[in-house]
Amino acid sequence: MLSTSLKRRLTATLALGATTLSLVTLTAAPAQAAAICGGDVSVYGTLPDGRLTYTAISPNTGDRVKTLIGTDLGFTPKAMATLNFNTVLVTSTAGELYRVDIQTNNNALALAGVTRIWDSGWTFDKMTYDGAGHLYGTVDGQLHRYNVSQAKPSGPAHIAKHVVIDEGFVLKTLAAVGDDVLLASTADGKLLSYQINGVGDWERSELKSSGWSAVDSLVSPGGGLYYGRTNGGMYWYHDADPTDGKGSDIAYHSDDPVDASGWTQTLLSAFANDCTYQQPVPPTPTPSTRGGQISRSEIMSRAVNWLNRDIPYNQGAYASDPDGDHTYRTDCSGFVSMTWHADTSYTTYSLPSVSSTISKSDLQPGDALNTQDGHVVLFEKWVDKAAGKFSYIHEANTNDDMMRGQDYLNGGTDARIAGHAASGYVALRYDKVVNG
């Protein structure tokens, strides 16, 4: 839970200066990634009486620069998504969809117009725009997506290709943090990140297992910056790497909130492309030598090489590694030996001699799941770690050869992974693997 002993700011003190247009770089810590922002963060909202609000927040300090209040929208708003700096989509409680055009948000919030662009059917309880052409909404636990093709959409011609991504999205808050990447919190306090690839194809990461139950509104301008409202206060956070599916690098500013109170808006929405994430340039890894240290990224690159070549399964045959300098046996354990750049082709019985047993929950790319009754798969990544769902690559069998698959640690409905009992698998980490 967030601390309640917080500094209070005088909400009546508003800085009404114009929003800066210079680039702002927010660095979380030395050697970490930065959020690159084109000025102050823009957050729109509505008051209980239906008036639109605009707030500018400094991305570097989390200080509120100004708050402006506009006119009544003329309908009762239900959900809101910010398309760009001067265009906001708002649904009504009657299921209508409106486009709200902002004329200025400099020293006053003035509207250029409020246009109804859809007459019915927009019943989403939450809505967000990812800044890259996709509008998302949730209703009855379903996640919906539309393609938005115009900066000022005028109706179905510009908001089209509606699909239902999947069921099970029972969320308390929803925000977009980038291209098809969503951030959400749940009533029981989890903070989640979703990568949406398509219908029925998405990945969920649990950033925090608890502590977010009091957050009743969540917005993001992109770049790993998150803003959450709780008990009328607005708090800000910075995720040093919003692409890693981890919450351990989220910096909290609970002792220095945007405001400790005063945020009474019923809806909040930020433009998800105000800020962008600048990924740090990784050092060039030293290529491994046979039997030497090897990075996780190289392990996965070697695995994809055999996958793309679709090396045929044959326990009596050998194939070259990506360097072409060595050959490895073309069965499941030979494949894992090749990805590790091991000194020989090990078997499922001998792989443990060059690796250590780890907890299955600690699996990382390049680790393995091995069962001594005859099979081993290379762990690729978590698809939904909280549910135990992961993807893997393996040399499958003589019918399928090289394959990529997905399953659950418990084997799911058939309790099997790649045709073998899930309970028999042991998680292994190569003794000479290094992060990178």
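1. A search of the whole structure finds one disulfide, the term being used for a pair of cysteine sulfur atoms within 2.5 Å. The partners are Cys 37 and Cys 275, with their sulfur atoms 2.1 Å apart, and the link is right-handed, with 105° about the S-S bond. Because Cys 37 belongs to strand E2 (residues 34–37) and Cys 275 to strand E23 (residues 275–278), the pair ties together parts that are 238 residues apart in sequence. Strands (E, at least two residues) and helices (H or I, at least four) are DSSP runs, numbered from the N terminus.

2. This is a predicted model, in which local features need pLDDT of at least 70 and side-chain atom pairs count only at pLDDT 80 or more, whereas totals for chains, interfaces and linings use all residues. Residues are numbered from 1 along each chain as its sequence is written, and side-chain values use heavy atoms, with hydrogens and water left out.

3. Buried here means under 20% relative accessible area, exposed over 50%, and partly exposed in between, computed with a 1.4 Å probe on protein chains only. Cys 332 also counts as buried, at 4% relative accessibility.

4. The largest nonpolar core has 26 residues, of which Trp 306, Phe 335 and Trp 340 touch the most other members. A nonpolar core is a set of buried Ala, Val, Leu, Ile, Met, Phe, Trp, Tyr and Cys residues joined through side-chain atoms within 4.5 Å. At least two residues each come from helix H1 (296–309), helix H2 (332–339), strand E29 (375–384) and strand E34 (426–430), and H1 gives the most, with five residues. Apart from this core lies another, of 16 residues, among them Tyr 44, Val 65, Leu 68 and Val 100.

5. Beyond its neighbours within four places in sequence, Trp 340 is in contact (heavy atoms within 4.5 Å) with residues including Ile 294, Leu 351, Leu 378 and Tyr 430.

6. Pro 322 sits in the loop between strand E25 (314–320) and strand E26 (327–330), and is partly exposed, with a relative accessible area of 35%. Leaving aside neighbours within four places in sequence, Pro 322 is in contact with Arg 302, Asn 305, Arg 309 and Met 338. The C-alpha atoms of Pro 322 and Thr 91 are separated by 54 Å, the two residues being 231 residues apart along the chain.

7. Four strands form an open sheet in the order E5-E4-E3-E22, with antiparallel pairing; two strands pair if DSSP finds at least two bridges between them. Strand E5 (64–72) and strand E22 (267–270) are the edge strands, each pairing on one side only. Strand E3 (residues 41–46) and E22 pair over four bridges, and the bridge partner of Tyr 44 in E22 is Ser 269.

8. Phe 75 and Tyr 98 form a stacked aromatic pair, 3.9 Å centre to centre and with 5° between the planes. Rings of Phe, Tyr and Trp (its six-membered ring) pair if their centres lie within 6.5 Å, and planes under 30 degrees apart count as stacked, over 60 as edge-to-face and the rest as tilted. Both Phe 75 and Tyr 98 are buried. By this rule the count comes to 17 aromatic pairs, and Trp 118, Trp 122, Phe 124 and Tyr 146 form one aromatic cluster.
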